Amino acid sequence: MSSTEAVIESAWDAPESVYDRGAATYDAMVSSRLYNRLAWGTDPADYAAFACDAVESGDGPLLDVAAGTATATAGAYLASARPVVLTDRSKGMLELAARRLTVDGRLRPGTRFVQADAFALPFPPGGFETVLCLGFLHLVDDIVSFVDGLRAQLRPDGRLFVSSLVAALPLGTRYIGFLHRLGEMATPRTADELADLFGVPVRRRGSMAYLELGARTGG
C-alpha cells in the first residue's frame with residue numbers, strides 16, 4: 001500500500017497529538033535494546049513475548065489500546081489470522097503501525113486502525129475476546145477505573161493483557177520519579193501494589209510489570 005491515509009479511521013475530531021511529529025523518534029527509542037536495558041533493565045523481546053501470549057490466547061477479535069507504532073506487536077499480528085483493531089490517540093503512531101503491518105504493499109488482512117482516546121473507546125462493550133494494552137498504565141492516575149474500562153470491552157470469557165513500568169530497579173525508579181515530576185507519568189507504583197490492586201499475580205522483569213485479567217464480571 002502506497003499510502004496509509006485510507007486505513008486510519010478517526011473516532012472524533014482529534015487535535016494533533018504531541019506524538020504525531022515525534023512518532024519515529026518514539027518508535028526508535030522503545031524498540032532499542034540498549035535504551036531498554038539501561039533505563040528499565042529489560043528487553044523489547046519481553047514486550048513482544050507478552051504480545052504473543054495475548055495474540056495466541058484466542059482467535060476472536062483483539063483490541064489493542066494505545067497501540068503506538070506496533071513495534072512490540074507486529075510480529076505476533078503478522079503470524080496470526082485473528083481480527084485486530086489497533087487504537088491510539090496519535091494518528092502519526094498509527095500510520096507507522098500500518099506501515100509495519102504492510103507486507104509487499106498489502107496491509108495485513110483483518111486489521112483496522114482507529115484513532116481514539118484510550119479513556120473513551122468508541123466500541124460497544126463486550127465485543128472483544130482479547131484486549132491488549134502495553135506500557136500505558138504508568139501514565140494513568142486512576143488505573144482501577146481505566147482497567148475497568150478495558151475489561152468492559154471483553155466478552156465474558158475474554159482476557160485482558162496489560163503492562164506497566166513500575167518502581168523496582170534504582171535507576172528506573174529514579175527515572176520514573178523524574179518523569180512524574182515533569183508531569184509525564186503518574187505516581188510511581190510497585191509491582192506488589194499492582195498485585196494488591198487487582199488481586200492477580202504480577203510478573204516483573206526489570207522495571208516492567210505484566211498482568212493478565214479476566215472480564216469485569218468474570219474476575
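The questions and answers below cover salt bridges, helices, strands and cysteines.

Guide: This is a predicted model, in which local features need pLDDT of at least 70, side-chain atom pairs count only at pLDDT 80 or more, and totals for chains, interfaces and linings use all residues. Residues are numbered from 1 along each chain as its sequence is written, and side-chain values use heavy atoms, with hydrogens and water left out.

Visitor: How many salt bridges does a search of the whole structure find?
Guide: A salt bridge here is a side-chain nitrogen of Lys or Arg within 4 Å of a carboxyl oxygen of Asp or Glu. With that rule, the search of the whole structure gives a count of seven.

Visitor: Which residue meets D43 in a salt bridge?
Guide: The N to O distance in this salt bridge is 3.0 Å, and the partner of D43 is R33. D43 sits in the loop between α3 (33–40) and α4 (44–55), and R33 lies in helix α3, 10 residues apart. Helices are DSSP runs of H or I with at least four residues, strands are runs of E with at least two, and both are numbered from the N terminus. The partner asked for is R33.

Visitor: Is R33 buried or exposed?
Guide: Buried means under 20% relative accessible area, exposed over 50%, and partly exposed in between (1.4 Å probe, protein chains only). D43 has 13%, so D43 is buried. R33 has 55%, so R33 is exposed.

Visitor: Which residue meets E129 in a salt bridge?
Guide: The side chains come to 3.7 Å, N to O, and the partner is R82. The pair links distant parts of the chain: E129 is in strand β7 (residues 128–133), and R82 is in the loop between α5 (74–78) and β3 (84–88), 47 residues apart.

Visitor: What is the distance between the closest N and O atoms of D117 and R89?
Guide: D117 and R89 form a salt bridge. D117 is partly exposed at 23%, and R89 is partly exposed at 38%. The closest N and O atoms are apart by 3.2 Å.

Visitor: How many residues of helix α6 are buried?
Guide: Helix α6 spans residues 91–100 and is mostly covered. Its buried residues are G92, M93, L94, E95, L96, A97 and A98.

Visitor: Which elements do the buried residues of α7 pack against?
Guide: Helix α7 (residues 143–152) has as its buried residues I143, F146, V147, L150, R151 and A152. Contact means heavy atoms within 4.5 Å. The buried residues of α7 pack against β7, β8 (154–165), α9 (191–198) and β10 (208–214).

Visitor: Which residue of β6 stands opposite E9?
Guide: Two strands pair if DSSP finds at least two bridges between them. Strand β1 (residues 8–10) and β6 pair in the parallel sense over three bridges. Five bridges join β3 to β6, also parallel, and T87 stands opposite V114. The residue opposite E9 is V114.

Visitor: Why is β6 largely enclosed by the rest of the structure?
Guide: The reason lies in its residues, of which there are five. Strand β6 is largely enclosed because the number of buried residues is four.

Visitor: How many disulfides does the count give?
Guide: A disulfide is a pair of cysteine sulfur atoms within 2.5 Å. The sulfur of C52 is 17 Å from the closest cysteine sulfur, in C133, and therefore too far for a bond. C52 is partly exposed at 27%, while C133 is buried at 0%. The count of disulfides is zero.
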